[in-house]
Amino acid sequence: MRPGMLNLITDVPGLRVGNAEDARIRTGATVLLGDVPFTAGVHVMGGAPGTRETDLLAPDKTVEQVDALVLSGGSAFGLDAASGVADGLRAQGRGFAVGDIRVPIVPGAILFDLLNGGAKDWAENPYKALGAEALGNAAGRFEIGSFGAGTGATTATLKGGLGSASAVLPSGAVVGALVAVNALGSATVGEGPHFWAAPFEIDDEFGGLGPPVRHDGAALPPTKLSQHANTTIGIVATDAALSQAQCTRLATAAHDGFARALVPSHTPMDGDLVFAASTGARALDDPIAETLLLGHAAACAMARAIARAIHAANPAPGDVLPCWQAQFGQA
């Protein structure tokens, strides 16, 4: 496998991503938008999720395709970001047709970033406007690090962020990952600069340091348990034609990327969630073998995207934790 041209989830043809941030509040929202509706699934492995319209993504539900997926900060307040996206899509004439009415289908998930030092004294929920702005910014190229839903994110030891990565399979199918990393645990090993995801790195995309010479994998890892300010939320996408059930399996496989890149992950205080999206542009010649490889690629891309999020984070006044670049002086 090799990365796509941009090494972003938007290497999957037909997908765009938009970010919006509020530096004062220290938060943001991110939207994944398809040129046309796409098939989607979801899998939750954290004990404290915050979601919108995820029940309809179950394989037995009637509506199989969605117009967009939203990741947002703000805890429960952030669920309103999807409303801003839905309003914008309706204005564009998009959505599930019910008679002469169009109802945009916009599932979303949130992370908790309310204790990150930003001003949370708003009189009106700001997330609907952030969602609408993110939709307006949707494009093939987008920034990672301290942008969008990753703006106010943290990990146990370092500033979190928004990450993305992609992989092109031998068949030509493309898999991409997008993730907002706000984990209870850490993306790096101990007090050093090395990433847990190092074995999956391609082309020095997050520093090229490789794994540490040695580490005590059984030791109790650092966490931010006392803050109750956690959750990693992500999306994996492909142009391979998958059913809703197969998207659910792809999302499940992608959680391996969380476990490879964050220690600990899937804890009772994380809301760890992965959406999966399929544009359906590329038919599967061998469904069993190819879905296995797609799941492996999704897990690897997700692990890489998590490390890239931390590696790309930028410092800002009032940060409660250092960013990787400032802490370790690496380019």
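User: In this predicted model, which residues of the largest nonpolar core touch the most other members?

Analyst: A nonpolar core is a set of buried residues, such as Val, Leu, Ile and Met, joined through side-chain atoms within 4.5 Å. In this structure, the largest such core holds 38 residues, and V236, L294, M302 and I306 are the ones that touch the most other members. At least two residues of this core come from each of β9, β10, α3, β11 and α4, and α4 gives the most, with 11 residues.

User: What does L294 touch, leaving aside residues up to four places away in sequence?

Analyst: With those sequence neighbours not counted, L294 touches L169, A173, V175, T238, A240, L242, L250 and L284. Apart from the core already described, there is a second, separate core of 32 residues, which includes L8, F142, V168 and A237.

User: How should I read the length of helix α3, and what do its buried residues pack against?

Analyst: The idea is to compare an expected span with the distance between the end C-alpha atoms. Helix α3 covers residues 244-261, and at 1.5 Å a residue its 18 residues should span 26 Å, which agrees with the 26 Å between its end C-alpha atoms. Among the buried residues of α3 are Q244, C247, L250, H255 and F258, and the buried residues of this helix pack against β2, β9, β10, β11 and α4.

User: Which residues are buried in helix α1, and what covers them?

Analyst: In α1, which runs over residues 81-91, the buried residues are A81, A82, S83, G84, V85, A86 and L89, and what covers them includes β2, β3, β4 and α2. Just after α1, G93 takes a positive phi of about 80°.

User: How many aromatic pairs does the structure hold, and how is such a pair described?

Analyst: A pair of aromatic rings is described by the distance of the centres and the angle of the planes. The structure holds 5 aromatic pairs. One of them joins F195 and F206 in an edge-to-face arrangement, 5.3 Å centre to centre and with 75° between the planes. Both F195 and F206 lie in the loop between β9 and β10, so the pair ties together parts that are 11 residues apart in sequence. F195 is buried, with a relative accessible area of 3%, and F206 is buried as well, at 2%.

User: What kind of pair do W324 and F328 form?

Analyst: W324 and F328 form a tilted pair, 5.7 Å centre to centre with 50° between the planes. Being 4 residues apart in helix α5, W324 and F328 are separated by about one helical turn, and W324 counts as buried at 0% relative accessibility. Ring pairs link F195, F206, W324 and F328 into a cluster.

Methods: Residues numbered from 1 in each chain as written. Predicted model: local features only at pLDDT ≥ 70, side-chain atom pairs only at ≥ 80, totals over all residues. Heavy atoms only, no water. Buried < 20%, exposed > 50% of the residue type's maximum accessible area, 1.4 Å probe, protein only. Contact = heavy atoms within 4.5 Å. Expected span 1.5 Å × (residues − 1). Phe/Tyr/Trp six-rings, centres within 6.5 Å; stacked < 30°, edge-to-face > 60°.
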